[in-house]
Amino acid sequence: MNLSGLLPLLTNNPTYRKLLDELQAHHRGAERALPLLRAARPYLVAALSADLNQPLGVVTGRVDTAGALVDALRAYTGDPSRVLRFPEPPVLFYERAPWPRETVCERLAVLATLASPPAH
């Protein structure tokens with residue numbers, strides 16, 4: 001499903017434009033907490049990602065929330081390859097079990113993608 005056609009409804013909104021201007025005025029790595037409905041978060045993040053044209057990091061408190069956010073962002077961006085998920089380790093932080101090789105490789109692939117310059 002491609003919901004990217006809905007983004008202009010948000011990006012043309014004056015309140016959104018003000019937020020975008022504020023974010024662009026701050027230095028890289030700026031943080032901003034917004035009181036926003038959970039269902040609206042992927043919509044806003046997808047719009048900001050398109051307008052800022054730089055990688056954005058979104059941190060969630062739960063694994064299932066991260067999965068749902070990734071799915072929604074892929075629908076709003078129209079290009080699933082633009083949304084990367086940093087996989088969580090399958091072991092708890094206090095366990096001494098080694099991480100599976102696949103998890104390590106997937107994490108390294110995400111970091112390598114973020115470190116490489118975008119192709120324009």
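Guide: In this predicted model, Arg 17 counts as partly exposed, because its relative accessibility is 35%, a value that lies between the cut-offs of 20% for buried and 50% for exposed.

Visitor: With which residue does Arg 17 form a salt bridge?

Guide: Arg 17 pairs with Asp 51, and the closest N and O atoms of the two are 3.8 Å apart. Since Arg 17 lies in helix 2 and Asp 51 in helix 3, the pair ties together parts that are 34 residues apart in sequence. Asp 51 is likewise partly exposed, at 29% relative accessibility.

Visitor: How many salt bridges are there by this rule?

Guide: The count comes to three. Among them is the pair of Arg 62 and Asp 64, with closest N and O atoms 2.7 Å apart; here Arg 62 is exposed at 53% relative accessibility, while Asp 64 is partly exposed at 46%. The side chains of Glu 88 and Arg 85 also meet in a salt bridge, at 3.1 Å from N to O.

Visitor: How should I read the nonpolar core, and which residues have the most contacts inside it?

Guide: In soluble globular proteins, nonpolar side chains tend to be buried together. Here the largest nonpolar core has 18 residues, and those with the most contacts inside it are Leu 7, Leu 10, Tyr 16, Leu 44, Leu 48 and Leu 73. Helices 1, 2, 3 and 4 each supply at least two residues of this core, and the largest share, seven residues, comes from helix 3.

Visitor: Which residues does Leu 44 touch, not counting those up to four places away in sequence?

Guide: Leu 44 touches Leu 10, Tyr 16, Leu 19, Leu 34 and Leu 36 on that count.

Definitions and conventions:
Residues are numbered from 1 along each chain as its sequence is written. This is a predicted model: local features need pLDDT of at least 70, side-chain atom pairs count only at pLDDT 80 or more; totals for chains, interfaces and linings use all residues. Side-chain values use heavy atoms; hydrogens and water are left out. A nonpolar core is a set of buried Ala, Val, Leu, Ile, Met, Phe, Trp, Tyr and Cys residues joined through side-chain atoms within 4.5 Å. Buried means under 20% relative accessible area, exposed over 50%, partly exposed in between (1.4 Å probe, protein chains only). Helices (H or I, at least four residues) and strands (E, at least two) are DSSP runs, numbered from the N terminus. Contact means heavy atoms within 4.5 Å. A salt bridge is a side-chain nitrogen of Lys or Arg within 4 Å of a carboxyl oxygen of Asp or Glu.
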